[in-house]
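Dear colleague,

Please find the structure below, handed over for your own work.

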Amino acid sequence: MNGKYETHEHDVLIIGAGGAGLRAAIEALGQGASVGVVCKSLLGKAHTVMAEGGIAAAMGNVDAADDWRTHFRDTMRGGKFLNNWRMAQLHAQEAAERVRELEQWGALFDRTEDGRILQRAFGGHSFKRLCHVGDRTGLEMIRTLQDRGVQQGFDVYMECTVTRLLMDGGRVAGAFAYWRENGRFVIFKAKSVVLATGGIGKAWPITSNSWEYTGDGMALAYEAGAELLDMEFVQFHPTGMVWPPGVQGLLVTEAVRGEGGLLRNKNGERFMERYDPQRMELSTRDVVARAIYTEVREGRGTEHGGAYLDISHKPADYVKRKLPSMYHQFRELADVDITAGPMEVGPTCHYMMGGVRVDAETAASTIPGLYAAGEAAAGLHGANRLGGNSLSDLLVFGRRAGLAAAAYAKAQNSPSIDSGQIEAAEREVLAPFERQGESPYVLHEELQQFMQKQVGIFRTEADLQSAMGKLEALKQRAQKLAISGSRMFNPGWHLCADMKSMLTVSEAVTRSALARKESRGAHSRIDFPKYDETWGKQNNIILRQGDEMNLQQRPTKELPDDLKALLADEKGAGA
Amino acid sequence: MADVVLKVFRGDRESGATADYKVPVAPGMVVLDALHYVQKTQAPDLAVRWNCKAGKCGSCSAEVNGRPRLTCKTRMDSLPQDKPITILPLKSFPVIKDLVTDVSWNYKVNKKIPPFTPRAGTDWRMQQADIDRVQEFRKCIECFLCQNVCHVLRDHDKHEKFGGPRFFVRVAGLEMHPLDGVSRVGLLKNELGLGLCNITKCCTEVCPEEIRITDNAIIPLKERVVDEYYDPILRLVRKIRGAGSSAK
């Protein structure tokens, strides 16, 4: 390997420092591995910090009848049975222990009368299941994990962007990255790598996601030859802010509905009666998002094109205590007092159910030594994720990924990395300084516009075909992105690297959406509005073949009889 | 729509000056939106740190018209529009570039603090009333605005001897955790320099999470240090009992 680069060597390299990455790091450290965590932002700023409503775990503290079986069933029903059932089972079985662990590391959840962890209702969950801290559960979680990891002694490489995975033959060998601060390159050499890079929301203009969520992990895995799974399933959270323009897409937690918030259209009708009369506001996110979108499209939207969400019938003190950040967010950014009147809300691109295909037990991808956990991985949530199942996902599968990555590293020799890969990675990253061409900001905006219009909540063959054409053209233009200035903290240059990831995942989403000729969960085809039995039993798999993106279908795994019996059981809500 | 002029610091550790950018103001626009507009249209290499744009991550701190703020929560219409809006990096930390400062010192201070250590044999039952005050401290989003305005750091550069309000809040959260079993009072006195704080409450004033840093964290911690090190009766009692250093 070339000696001119700053190089760090670890047993396990973790890319991403949100809930999944930090939980993986803690577990790998516990196994005695040397662990490096590399992240695009400062430690503690990852998107997990924005998670509001809670962590789903069948602890039964409020509803004693709840257990893992009902959590499993709700998750499968919410995912329209496309979930990897083994992941859903492990998740439901292990979530409660992972929450207790957080408490033992210092997290302070809201309490029940008898001093246990309080749980609240949420969409698609049959019981009060979400462990929470007001509406800032994610902050509590990330701070707890961060402090735990720091005390255990992981090395954190903050504000550092990985642009390529490095390989040793067929196995992963590390990553090539640059420091955002000064643009210098850095090589991470590692026996195993965990991708915990989160989602892809920044390919859409109206999103709850921050600038980091450009699909890096999925794109890195794809480039390295790993399989991506069910990329058509993009969750639009039903309630983002719609006004004023600057805050469009900002998340309004589902906890507002969990605490009793009501949805109405401009005529004052509780329109959920028409879409899911049983569960009403606490229906699953795919259903509520489509309902709001439909109300607006059919002319019953609010002044700024949304629906009204009202919690003002609850006592003002209660609202401020249980939803403090919502109270402040609306008061400060929209001049709305949510204790006195309704909020205006509409769908916002929020979460990626698809991602790197992984083994349920170990979070291993199809590349030796490469693991993925959290939003970057796929399988647990199927066609639609239930609120609260993301934070528990991060803990359960972050831990499993860390465990397996450390075990794998223990059994391996140090990999070798040829300098050709590194030089190619360097050339690619520096190219925007050396050519004349377009601004990455222009391309990003164009991408977002057609992804919103043509690869959004409702999809058609014609729209998706048109989006494919536009993606092809953008890919060509992206070869000529140009940027001025120096390599010192240069956001325009950083966006060039992010654009590459966004184009890869956008193409994967669009191709998969074109292929799936049915409507299921978050994937709604106007031209194929119903479930299709064949599609209900197969996954879309994306795989790189040379420079071409290849798509194929693979049958899902049959459920064992005991789990089948659980799903057939009609006790509890859910549909 | 009316245009406003932003005067934004451009430069690095060595040198720099403000540059003017014209920005059209849209309804509800915040200062961070205006900075993004500048990046998109005039200065793609303008360095700004941000993440959530919702006041939850504490990344986008800067000094707006002389006042330390989260730029994502500072509405343009809350500032006078007839004169330029000045946006400078946090003064208490070294500039990396433009509005991005080197806050790594904070992460080093944090490492000195012993983690939550549960008392043996706890059943993990806690009453809400007993954790309310700790939950207040745990609202901290680490925007470091409190560190930025603290005189001990801002004017006297005591970074080596002083932890700063952010870490007094963090220690208070641990010390007042109903199930925590270790004392950090010695650390507060000796390594975090709590005594240097002269309770001017500047930190409390700028906290975007409205944590009552001085009243609820710093003053009770100062009392614990006094009890431990300066109360003659308590010292005598401890001497007689032969107790260790626990001040809990």
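**Domains of chain B**

In this predicted model, the centres of domain 1 and domain 2 of chain B, taken over C-alpha atoms, are separated by 31 Å. The domain assignment places residues 3-101 of chain B in domain 1 and residues 104-241 in domain 2. Eleven residues from domain 1 of chain B and twelve residues from domain 2 of chain B make the contact between them. On the domain 1 side, these residues are four nonpolar, four polar and three charged.

**Chain B against chain A**

Between the chains, 45 residues of chain B are in contact with 48 residues of chain A. Four elements of chain B each give two or more residues to this side: α1 (31-41), β6 (95-97), α2 (104-111) and α3 (128-137). The largest share, four residues, belongs to α3(B). By class, the side of chain B that touches chain A comprises 22 nonpolar, ten polar and 13 charged residues.

**A helix pair in chain A**

Within chain A, helix α2 (residues 68-78) and helix α3 (residues 85-104) have axes that come within 8 Å and cross at roughly 140°. The two helices, α2(A) and α3(A), are therefore oblique to each other, and α2(A) passes α3(A) in a right-handed crossing. From α2(A), the contact involves Trp68(A), His71(A), Phe72(A), Thr75(A) and Met76(A); α3(A) contributes Trp85(A), Ala88(A), Gln89(A), His91(A), Ala92(A) and Gln93(A). This contact of α2(A) with α3(A) has six nonpolar and five polar residues, with no charged residues.

With kind regards

Definitions and conventions
Residues are numbered from 1 along each chain as its sequence is written. Chains are lettered from A and ligands numbered from 1 in the order in which they are written. This is a predicted model: local features need pLDDT of at least 70, side-chain atom pairs count only at pLDDT 80 or more; totals for chains, interfaces and linings use all residues. Axes are lines fitted to C-alpha atoms, for helices over the stretch in contact, and angles run from 0 to 180 degrees between N-to-C directions. Angles under 35 degrees count as roughly parallel, over 145 as roughly antiparallel, 65 to 115 as roughly perpendicular and the rest as oblique. A crossing is left-handed if the near helix is turned anticlockwise from the far one by less than a right angle, and right-handed if clockwise. Two residues are in contact if their C-beta atoms, placed from the backbone, lie within 7 Å. Ala, Val, Leu, Ile, Met, Phe, Trp, Tyr, Cys and Pro count as nonpolar, Asp, Glu, Lys and Arg as charged, and the others, Gly among them, as polar. Domain bounds come from an automatic or database domain assignment.
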